[in-house]
Amino acid sequence: RHWWAVPLRTNEPTQAPKMLSRAWTPTTKGLGISGAQSRLPGARRVRVGPARCAVSARTDLGNWQASESLAESFSVAVHPTSSASTTSATTSVEVASLAAASPASVFDSPTAVAGLSVGAAAIAGVALQKIFSQGSRKYVEGENTVGDEYNAWTDEGVLEYYWGEHIHLGYYSEEEMARGYKKKNFIQAKIDFVDEMLKWSEATKPKKIIDVGCGIGGTTRILAQKFPEAEVIGITLSSSQVKRATELAQDKGLTNVTFKVMDALNMDFEENQFDLVWACESGEHMPDKKKYVEEMCRVLKPGGRIAIATWCQKDCESFTAEEEDQLKFLYEEWAHPYFISHEEYARLMQGTQVMTGVQSENWVKETIASWRHSIWVGVWDPWIVVFKGPWIWYKTVREIITLERMHRAFDSGLMTYGMIKGVKVPSKWHST
């Protein structure tokens with residue numbers, strides 16, 4: 001065990017417990033501790049050594065022990081518990097109490113200064129823990145929350161620097177995972193994901209393609225290159241993404257791809273327009289999943305194919321309190337209204353009554369490495385963040401925490417990586 005000791009001097013040694021009581025009383029008011037606990041009544045007294053009084057605190061901050069033999073100088077010690085948060089609170093409150101009792105003499109000892117430093121650090125740690133355990137970018141209905149966040153990410157340039165042109169997870173084969181995911185190029189993993197998703201969609205020679213939630217257009221441009229005879233359109237809520245996607249398409253000399261600011265829940269297209277509707281990691285941000293699926297089915301041509309990749313939560317009727325807390329953070333940190341299961345996406349697609357061959361799968365094994373891989377690429381090359389200044393440092397710390405919490409949620413089974421596909425058949429939405 002480690003101990004922090006703070007000397008406290010008094011000319012009336014017999015008054016020392018009362019000093020501690022007075023010092024402790026105002027400090028505990030904000031902690032929900034009763035007056036009886038805060039004033040040391042009936043404390044057991046045990047001799048621990050000449051001229052010293054050792055005062056210890058249990059995890060409930062209420063079980064005090066003081067020595068019977070008090071001299072001119074005595075010390076107060078706090079030993080840590082198994083709970084980091086309780087230790088921090090105990091240590092910081094102890095030191096604050098002693099400082100309140102005799103502020104000048106507390107600083108007489110280097111050990112006291114060290115104790116105060118530990119207390120201050122503990123208080124800061126508790127405050128930071130609270131800040132980083134709560135979501136900071138909630139989805140707000142009626143506002144362009146998602147578009148604004150992606151505008152910021154795009155304009156900052158950090159996300160593109162690390163993730164490249166693809167703002168989605170990567171694909172890692174069993175062999176690559178066995179060798180170690182960090183040996184794979186992070187951006188190549190994302191390109192491989194597009195190839196695997198296209199293969200899984202079973203789309204062949206589509207003439208008109210829409211990428212719903214296109215980001216800065218990495219996938220849209222790949223599809224335009226793979227199908228040079230096709231017309232490819234990418235839509236997003238972010239004007240900054242449209243601007244950047246267009247620039248990158250021009251740099252590659254692509255003339256068959258365009259990008260538009262458009263709401264995926266209310267697309268400006270007639271029905272039966274596209275041979276392939278592609279949606280990679282956009283469903284997470286949709287406030288109405290049913291409308292999202294129905295709108296994509298509406299603009300799909302008969303015989304056309306839909307392929308959706310999206311973060312999902314497990315399929316169950318209820319969650320534990322701990323799981324609800326985990327999901328709440330994941331909702332509120334990256335502007336997600338809510339998640340549903342990949343099974344529910346399949347049920348929604350079937351519910352349109354215009355889709356056949358509907359399937360859903362969980363690709364968590366193929367994608368989970370992306371979360372920690374994205375942290376490592378920042379560790380290996382931190383300089384863009386370093387030179388961006390304090391605000392980006394703060395945001396980057398938040399992103400690292402969220403990436404790790406995402407990894408744990410997917411690893412535990414609370415979250416899944418949903419893949420959903422289907423083919424459109426003749427229905428009430430078209431005349432042929």
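## Cysteines

Cysteine 297 is buried, at 0% relative accessibility; here buried means under 20% relative accessible area, exposed over 50% and partly exposed in between, using a 1.4 Å probe and protein chains only. Cysteine 214 is buried too, with a relative accessible area of 7%. The disulfide count comes to zero, where a disulfide is a pair of cysteine sulfur atoms within 2.5 Å.

A word on what you're looking at: this is a predicted model, in which local features need pLDDT of at least 70 and side-chain atom pairs count only at pLDDT 80 or more, while totals for chains, interfaces and linings use all residues. Residues are numbered from 1 along each chain as its sequence is written, and side-chain values use heavy atoms, with hydrogens and water left out.

## Aromatic pairs

Searching the whole structure turns up 16 aromatic pairs. To pair, rings of Phe, Tyr and Trp (its six-membered ring) need centres within 6.5 Å; planes under 30 degrees apart count as stacked, over 60 as edge-to-face and the rest as tilted. Take tyrosine 150 and tryptophan 153: their ring centres sit 5.0 Å apart with planes at 70°, so this pair is edge-to-face. Both belong to helix α6 (residues 145–156), and being three residues apart there puts about one helical turn between them. Helices (H or I, at least four residues) and strands (E, at least two) are DSSP runs, numbered from the N terminus. Tyrosine 150 is buried at 16% relative accessibility, and tryptophan 153 is buried at 11%.

Tryptophan 200 and tryptophan 363 also make an edge-to-face pair, at 5.9 Å centre to centre and 70° between the planes. Tryptophan 200 is in helix α9 (residues 186–201), whereas tryptophan 363 is in the loop between β10 (355–362) and α15 (364–367), so the pair ties together parts 163 residues apart in sequence. Tryptophan 200 is buried at 9% relative accessible area, and tryptophan 363 is buried at 7%. These two tryptophans also belong to a cluster in which ring pairs link Tyr171, Phe193, Trp200, Trp363 and Tyr417.

## A buried lysine

Lysine 395 is found in helix α18 (residues 390–412) and counts as buried, at 10% relative accessibility. Leaving out residues up to four places away in sequence, lysine 395 touches Arg137, Ala152, Trp153 and Glu156, with contact meaning heavy atoms within 4.5 Å. One of these neighbours, Trp153, is the buried tryptophan that pairs with tyrosine 150.
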